[in-house]
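Visitor: I am new to this structure and would like to learn how to read its features. May we go through them one at a time?

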Amino acid sequence: AYAGQEPLCALPETTRSRYLAEGRPLLAKYAQDGNALAGYLLGIDCEFNRKAPEEAREWFRRAAAQGNALAQNSLGLMYSQGLGVAQDYAQASDYFRQAALQGNMNGEYNLGTLYARGHGVPQDNEMALMLYTRAAEKGNSNAMNNLGWLYQEGLGVAKSPEQAAAWYRKAAETGNPSGQFNYGFVCARGLGVPANAREAGVWYWRAAEQGHAEAQLNIGLLYRDGTGLKQDDRKALAWLAKAAEQRHPGAQFLIGQMYEQGRGIAQDDERAYRWYLKAAEQNNPRALNALGTFHYRGKSVAKDYAQAAEHYRRAAAMNFPAAQNNLGMLYVRGEGVPQDHAAAAEWFEKAARQGNADAAYNLALLHEYGKGVNLSHVKAVDLCKQAALHGHVGAADWLFKNGYTAWRDSLKKTPK
């Protein structure tokens, strides 16, 4: 019954089919005689092998009524996922609770997840923490991984990067792909453990080999940037392609970027545009911004300021600062939208608040000339300083030409 789902129970298909043919009548007999475990196994067979969810639910129901925790958990999963039955989180929570009260680690984990999300029960991170801890101590790797997240974010418990890293590591060592990815993530950023890009790459690779799309994207980035791994655009592209095959919008965008830049592959704006389009269809803001620029410049498509404005606006609404700045520039120039310096200033301000140097400089110029905002040389100077501190050459040059050099001297005195 388990062989089709559990690698530890893997069998040659002919052997598995023979065992099922011989075993099903025996299981049916034992189940009819009231053996709860046999009923549960028949339910598993119906759900995974025979693809008969209604029949599976009936066998699970019988076994659950006899107190079988495995069946109670399986019923909870059917109700929580809407498998062969209308989705009902409240009903799912009842079955998960019955399993959890018997110490079933999967029931504890699944009930904890409902409390973490507030599905069918009041949202309660402390209860989720308690249930995940019980399940993790019994060996449930998903609970270990989720405990890491609670400690990382300080949900239901004091924030502790060290505890988060420790739980991610435990999940990772069991082979859990999400745990492997998360442990790689904290290694890459030095969260609770010393920063180690090479170690991050090892764990990303292990998760990526199991098909974890986010890990595939991140190992692609390590190869692209040469961080912890030898720089290799071709390997980067190969890993990004694996993630893109799973429709990961970030990977689709990055492949488009590599085509646009000619990295690891021949430069091709038309293919870049098509990859950006795939990512934009999933509302990736970086891809939407890139499409706006393609339409604005007429790269591989006809120049169309209105289309550029539409793409920039969608990305800007997602709070993407580069798109907010680009949309602001269209309002300054009246390209694809009516000229409106006040609207431009609003978008520049939103982007500048997020540290976008171009937007801070552009907003500074509006204040310097009083276009769409109050005329204020002082405000213009402050904004140019902000932009220059983020490396904007034009802002630094403007400050120098207007006699403002003391701010640069103060930087030299700032302790590192």
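Visitor: Are Y79 and Y95 buried or exposed?

Guide: Both Y79 and Y95 are buried; buried means under 20% relative accessible area, exposed over 50%, and partly exposed in between, with a 1.4 Å probe and protein chains only. Please note that this is a predicted model, in which local features need pLDDT of at least 70, side-chain atom pairs count only at pLDDT 80 or more, and totals for chains, interfaces and linings use all residues. Residues are numbered from 1 along each chain as its sequence is written, and side-chain values use heavy atoms, with hydrogens and water left out.

Visitor: How many aromatic pairs does a search of the whole structure find?

Guide: A pair of aromatic rings is described by the distance of the centres and the angle of the planes. Rings of Phe, Tyr and Trp (its six-membered ring) pair if their centres lie within 6.5 Å; planes under 30 degrees apart count as stacked, over 60 as edge-to-face and the rest as tilted. The search of the whole structure finds ten such pairs. One of them is stacked: Y79 and Y95, at 6.0 Å centre to centre and 15° between the planes. This pair links distant parts of the chain, with Y79 in helix α4 (residues 69-81) and Y95 in helix α5, 16 residues apart. Elsewhere, F253, Y273, Y276 and F294 form one aromatic cluster.

Visitor: At what angle do helix α5 and helix α6 pack?

Guide: Two packed helices are described by the angle between their axes and the distance between the axes. Axes are lines fitted to C-alpha atoms, for helices over the stretch in contact, and angles run from 0 to 180 degrees between N-to-C directions. Helices are DSSP runs (H or I, at least four residues), numbered from the N terminus. Here α5 (residues 89-101) and α6 (residues 105-117) pack at about 140°, their axes 8 Å apart. The residues of this contact divide into eight nonpolar, three polar and two charged; Ala, Val, Leu, Ile, Met, Phe, Trp, Tyr, Cys and Pro count as nonpolar, Asp, Glu, Lys and Arg as charged, and the others, Gly among them, as polar.

Visitor: How far apart are the axes of helix α19 and helix α20?

Guide: The axes of α19 (residues 341-353) and α20 (residues 357-369) are 8 Å apart, and the helices pack at about 145°. Their contact includes H341 and F348 of α19 and N362 and L366 of α20. By class, its residues divide into nine nonpolar, two polar and one charged.

Visitor: Where is K51 found, and why does K51 count as exposed?

Guide: K51 is found in the loop between α2 (36-49) and α3 (53-65). K51 counts as exposed because its relative accessible area is 60%. Most residues other than glycine have a negative phi. The phi of K51, however, is positive, near 55°. S300, in the loop between α16 (285-297) and α17 (305-317), also has a positive phi, of about 65°, although S300 is not a glycine. With 42% relative accessibility, S300 counts as partly exposed.

How values were computed
Helices (H or I, at least four residues) and strands (E, at least two) are DSSP runs, numbered from the N terminus. Contact means heavy atoms within 4.5 Å.
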